[in-house]
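I am opening a notebook page on a structure that is new to me. I want to record what I looked up, entry by entry, in plain sentences.

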Amino acid sequence: MVVTGLTDEAPAVRMRAIGKQFFGNSVLRDVDLDLYPGEVHALVGENGAGKSTLMKILAGVHRPDAGTVELGGEDVTFGSPRQAQAAGISIVHQEFNLLGDRTVAENVFLGREPVRRGQVDRKRMEADTAELLDGLGERGISPRTAVRRLPVAHQQVVEIVKALSTDAKVLAMDEPTAALADHEVELLYGLVKRLRERGIAVLYVSHRLREVFDLSQRITVLKDGELVTCTPTKELTSDQLVRHMVGRPLEAQFPDLADEAHLGRTRLSVRGGGNARLSGIGLDVRAGEIVGLAGLQGAGRSAVARAICGVDPFTEGTVELDGSPVTPTSPRSAIRHGIAFVTEDRKGDGLALRQSVRDNALLVRRAAFGRARGLGALDLAALLRSVTLVSRGPDQEVRYLSGGNQQKVVLAKWLAVEPNVLVVDEPTRGIDVGAKRAVYDLLRGLAREGVAILMISSELPELIGMSDRVLVMHEGRLAGELPAGPTEEAVMTLATGHELEAA
Amino acid sequence: MTETSTVERKPRRIRLADGTGPVLAVLAVLLIALAFVGPAYSEPAGYLALLKRAAPLMILAIGQYFVIVSGGFDLSVGSLVTAQVVIAARLIDGEEGATLWVIPLLLVTGALVGLVNGLITTRLLVPSFIVTLGMLLVLDGAVFLWTGGSPRGALSEAFRVVGREGFEVPLLGSVPWSVLLLAALVVAAVLFMRGGTGRTLVAIGDNDKSVRLGGGRVENLRTLAFVLSGISAAIAAILLGGFAGVSAQVGEGLEFRVITAVVLGGVVLGGGRGSVVAAMAGALTLEALFSLLNLLGVAGGLESAVQGVIIIAAVAYASVGRIPFRTRRST
Amino acid sequence: MAASTTAAPARPARRLAGLLQPTVIVYLALVLLLIVGSILVAARGGMLLDQGGILNILTRSTALGLVAIGQTMVILTGKLDLSVAYLIGLCSLIGAETMGGDPGMIVPAVLLTLACAAGVGLVNGLVITKLKVNAFIATLGMALIIRGYLESAYSGPSGDVPRAFQHLGYARIGPIPVSALLMLALAGLAWWYLMRTKGGYHVYAVGGDEEVARFSGIRSDRTIITVHVLCAVAAGLAGLFLASRLGSGAPWVGVDAGYDLESIAAVVLGGTLLAGGRGGVAGTIGGVLILATLDTIFDDLGVTPFFKDVVRGAVLILAVALYARRRGLLR
Amino acid sequence: MKKACTVVLAAGALVLSACSSDLPADSGAAPSQAPGESAGQSEFFDQAEYERQLALRDATPEGPSDKPWEQALEPEMVDTAQYQKDGPHQICFSNASVDNPWRQVGFKTMQAEADLHDNIAEFKVLDAEAKDDKQISDIASLVSQDCDALIVSPNTTATLTPAVESACDSGIPVVVFDRGVNTDCPVTFIHPIGGYAFGATAAEFLSGEVGEGGKVLGLRVLPGVDVLEHRWAAAQREFENSGVQVVGAEFTENDSATAKSIVSDYLQREGQIDGIWMDDGTAAVAVLEAFEDAGMEPPAISGEDQQQFMQKWKADGITALAPTYPTYQWRTPVIAALKILDGEQVPQEWILPQPVVDSSNLDQYLIEGMPPLHYGLCGCQDMPDFPQRWQ
């Protein structure tokens, strides 16, 4: 289905019937996408829907297995991001590609410094950067400031300016607000609008529906690698959009929820918790309960997890474990109080990739408890069986494992210390369906054994399917609490800062 | 991929830690070559002599391994060895009775130097290369400032027993005490590295963030590595001082030699990879190589050139032969 | 990783730290050192900054300065070069022997020397980038290879530098040696290269974050090879300068002075980050001048060389700890 | 940019008048260095000098017999009236380094000697830390100060020659000792007889002990140091002449552990070694221990007058000899400098006797309580603060 353009102009980019497979898994099937000059085109969908892949194909990072990409009416194939860049397509990555110690101008022109008489033409570089910034209405940023000294929002601006400086006609932005605080998002809004005024085609990938509605003219929804719809923004309501994104029977089966009889006493209790990113956090998790923590990216979900687990502790408020007050000031103290933390970034934070399954599974036990003080004997084989790990044996290095099995190793390392409270942040990110199911069963099994679980997930169906209760966050605060089995709309409403009409 | 758990498949067989294979192969070739070239190596005594000679370097390699595998460097060991021998000579001053308290004192001094290295590295966030380079200069100067330029006093006979003498064993003949000590330290090091602290140390070199989030005290463990390196230098000093007596040059160049040895053993600079046995094998390989070149009558100049080519080749083999694994940007 | 600073209100400590760029600190420290030194020397009835004193400080700075300029570039990319000390000796010999006392051979000799040096740097760079050998090991291996050659081919000073070329080492304008001016000119050139040319920009980019550099289309391999060649050429110039001072080539002139570690010390003392990406030649020259001034003060005060080592080591650690703390405040 | 250039140029032009050079005047007779590639022992062998040194061993020294550091062999006196000056004097000394025990003992002795003379107002020392380049600067620096006399112990012969020449040109009397320089400009050059004599004496002793066909191992410190090369060159000739089998010559770099390992290797390989020739006695004790540890009788050995070696020699009754390179030569330069400043004649080449320690006079040089690396021939026994200062 192709919706005709807003204007009579030819599209800047026309992608047709794009297909892409990774290792036999089809991640994109028959997807069309048109980008018109002066249009902000939102690309939305759940995690794993294929947004990033589509964007990377556009930016020349991946090559499509099927379909064509037309630029200004001509068929193109990009072998590298450089070629795409040369053709006028730039990408703003979620993670910044900036050198902190270099100035704004130096970053913007990195690798493409203008040269005059053998010297880098600083003046021109700075003037051009200033002009670019000016054109975006960003007069507050001096081209001569070291990027390290800029606030994150400004760094994001630099990243965008860097992408624009190649005379980009098409700009793809991947979660540009992910790292920004709310007041900083306004800044970006203005920026995107000005880009549009300049006739640049913007592909805007975001989870934040409000942004999508505020900024875009058209919205393309992807689900499971297929195009659901491409509709002018005006013709959609937020409810409709959410339904487009999630509207399908839940494909994963979730284990049964806990029944009230099996819920024990309150294991984890936070009152008035706050720090630089959070305020007024109050929550309880009972033994046997899985509490879901929902919210948009940047709403502070991970910050709550990090605070409870002593990584970035609460600076105010109290935390009680099994009724006694504790102050987890470091991961070590949290762990020794029985709190386990499965982090979001599995490879960066969770695993020592070049070490064996055994060493990773025992890592917390060894690191936090020394001579296994207070812990019972451990049957490693049984532990690994219990997480249904598939590996060539405990000596295999974890970097050779699939994402799902890596995540099982992460879970195993926490189970090895027999935690009372388990905080899991995006436990199924980037793993396949089968492994997801295993992780769900495992979490529920732990809950049945009396562990209190706080679960964070961006995948709403998963969160709803798993949680006995759902807490929704918005801008560093708890926006509301929903009982088991809430509708996605209800969660989204709270998460986007709206009140529920009827509680 | 099936969902069945296949954790234990078969009884455990002896498995070589990653990177151990090549160095053991090279070592085997060298040892066989030695047997062909040097008549002394046709019986155990020859190899025992080689082990005795290699013992100090191998022990230093153990200490350096801890530091390197957790992601650091220790350049101070060479001057620490010299300092220890000089300190021992001055404190003992030929008195047998003093040996008993001087040896523990040396170990404590070594640990203390390591502690300072470790604390400055982890708390003041100075790269270990710089810290230990500074320590090298400080030790070099301080010890001779203390003794007025050249070593004073003398070592006692008792002090020298470990480094010098041996005990009779049937079949093997005289086995040097240093070889016995080495064996004990090898066992201790292997057990340590199999234990929780040892594994955590390697994990720190691989991904210190995961260890910190896993409740490990990264700073303390890194410091521990330096302390162990300092203690290994003290033990090496006791052996070297015992073997050859007081000298102002004992430790010269040892720091680079031991790093060479550890790297030769397949331990990766930057941490997270390599085994302690391989590190020691690297040290033994280096000594065996020197002995072989010596027996072949290769001039001193060629010796260092050969050493240079070998370490480059060893590391190049290890890194080019391996699937490039890019660690994510480190800050 | 890109810096993720949040806009925090500038606390006084932060503001002060921001003001005190390492380069500024270095020169402030230098001035302070000159003042304190002058007072101390004056108290002994001497004068630190008379003609002889200035001449002394500058002459001492020349060779180390030349090497350190090159080392700065290498360290800025996050690598280091341990082969410079032996390379200096080798270059002094190539220069002096090619000249053979014939003034007509000066130009060919200089060119040949620098070409040889560049060749060594090229090999270093290729081994690091293409064979993926850690720079520490690659250049240590190269050091051993050159040492092997020097040991087997030379037994002492060799070659003969014509008088015309010796003027390079001895001529001066007032209290300022011409060679020091040339060194400063080279520093200026290096400064220009690093601060003004595309290549220099890429040096900082590669050192700051190799991955970001690559994403931005910079050929980091080429940059790394270039800095190693430049560093080797700088070492070659140091070798030529020393040859002109000594009147002949001397195999161990670089090693005896410890130019490998000392140059690294001077660079980090000058505020360049050992991990790369931050710092520069101006700071390095400050670091070199501090080391030379310390030396001169100690000589004037009649301090033993052992004490000098202790102070050098302590200053090195303290300075880098200070920079690390400053960066911490700025985060 | 352009402006800056102009300023620099202008400033350059201004100071150009102050342009000068510290380059020493050309002595004309530039020392011809043999190219390094052909470095063999031939480079270091000088037949005439060899014979001269062997003869000098038997010459009778002039001067007080109880003060060998004031004695001279076959002196050719030079007149120094031109340097006469009223005291007290500032004596300056450019030292190569104090990085080994021999230099440490010598330097302490020298300082003690300087303390003896009320006529010395200041004894100013710069230590070059074994860096040729620093010593060149040091000498220039000392010359620029108010030194009445300059003593130099050069780090390297060839490379320090120009610096010493420029010091001579400044008009102050220059005294060189230990290693020489390739110029006659210093007022006096003080040194013991030399390496050939040292090496030959040791080799003659060993040849006598091991007899024809006996096996001798040569242990050397490192190649390329002229004095050490002379010692070995002379020894080689002697061994050749007397039919002694030299089983090898190895470099120890003065590291006891290396030396001991080498000897152990040789004992394993050769089965037996009758004699050990050493060009530097530092590692002698370790060498003897290698024999002990192998369960063998100690060989005949030539070492040096180092305390620990002499102690072992006496305690174990070893067959040994210690030709010396006496540390008392560090006293002589101070004495010479003062003589020159008094206008007294001094020998142009001040050759000091080079006593040999053998079993008969061992007790004379072995003083209990000295540090292990002390040198017996320091000539310091009668100096004030002995022995504390040297301990």
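Entry on burial in chain A. Keeping in mind that this is a predicted model, I began with chain A and looked up how much of the chain is buried: of its 503 residues, 52% count as buried, where a buried residue is one with 20 or more other C-beta atoms within 10 Å of its own.

Entry on the build of chain A. I then looked up the secondary structure and found 18 helices and 22 strands in chain A. The radius of gyration of chain A came out at 24 Å, close to the 23 Å that the globule rule gives for 503 residues, so I noted chain A as being as compact as a globular protein of that length. Taken along the principal axes, the box that the C-alpha atoms of chain A fill is roughly 70 × 50 × 50 Å. I also looked at contacts in chain A between residues at least 6 apart in sequence, and 68% of these join residues at least 24 apart.

Entry on chain C and the record. For chain C I turned to UniProt, where an unreviewed entry lists "transmembrane region" for several stretches, among them residues 24–45 and residues 170–194. I checked two of these stretches against the model. Residues 24–45 of chain C are 91% helix and 0% strand, with the end C-alpha atoms 31 Å apart. Residues 170–194 of chain C are 72% helix and 20% strand, and there the end C-alpha atoms are 30 Å apart.

Entry on the domains of chain D. The domain assignment divides chain D into domain 1 (27–56 + 195–323) and domain 2 (68–193 + 326–352). I looked up the spacing of the two domains of chain D, and their C-alpha centres lie 29 Å apart. Where they meet, 8 residues of domain 1 of chain D are in contact with 11 residues of domain 2 of chain D. Helix H2 (47–56) and helix H7 (226–241) of chain D each supply at least two residues of the domain 1 side, and the residues of that side divide into 4 nonpolar, 3 polar and 1 charged.

Note on methods. Residues numbered from 1 in each chain as written. Chains lettered and ligands numbered in written order. Predicted model: local features only at pLDDT ≥ 70, side-chain atom pairs only at ≥ 80, totals over all residues. UniProt positions renumbered as here; feature names shortened; annotations may be inferred. Helix = DSSP H or I, 4+ residues; strand = E, 2+ residues; numbered from the N terminus. Rg over C-alpha atoms; globule rule 2.2 N^0.38 Å. Buried ≥ 20, exposed ≤ 12 C-beta atoms within 10 Å, placed from the backbone. Contact = placed C-beta atoms within 7 Å. Domains from an automatic or database assignment. Nonpolar A, V, L, I, M, F, W, Y, C, P; charged D, E, K, R; others polar.
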